[in-house]
Amino acid sequence: MDESKDLLLQQGGVCKLCGEMPKKACIDHCHTTKKIRGILCNHCNLAIGHARENIKLLSRMITYVQNNGDLYPVDCLTDESDAGWLH
Ligand SMILES: [Zn+2]
């Protein structure tokens, strides 16, 4: 059994984020520590990657969707060292 299937079974056979059974199981790593965080479906794995693993951006995305597009100005993030994704 390959590593991803083994890990998927250990977390109940479903994506660790959305809880759906993944068609394609992706091993999600922390890109800083290289540690495996879990097995995700392709959608959730791509969503984290597309958000550049930026917690502030992910948080803004939640607020954005909840508030139907209303957000605090993006300038609030520019003094952060992790705001490289803005450029
Ligand atoms: Zn998922």
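I began with helix α3: of its 12 residues the number buried is 0, so α3 lies largely in the open. Buried here means 20 or more other C-beta atoms within 10 Å of a residue's own, exposed means 12 or fewer, and partly exposed is in between, with C-beta atoms placed from the backbone. Helices (H or I, at least four residues) and strands (E, at least two) are DSSP runs numbered from the N terminus.

The model is predicted; local features need pLDDT of at least 70, side-chain atom pairs pLDDT 80 or more, and totals for chains, interfaces and linings use all residues. Residues are numbered from 1 along each chain as its sequence is written.

Just after α3, I found Asn-68 with a positive phi of about 55°.

I then looked at the strands. β1 runs antiparallel to β2 (residues 36–40), joined by 4 bridges; pairing requires at least two DSSP bridges. Asp-28 stands opposite Gly-38 in β2.

I looked up the largest nonpolar core and got 8 residues, among them Cys-26 and Ile-39. Such a core is a set of buried Ala, Val, Leu, Ile, Met, Phe, Trp, Tyr and Cys residues joined through C-beta atoms within 7 Å.

Overall, I noted 13% of the 87 residues as buried.
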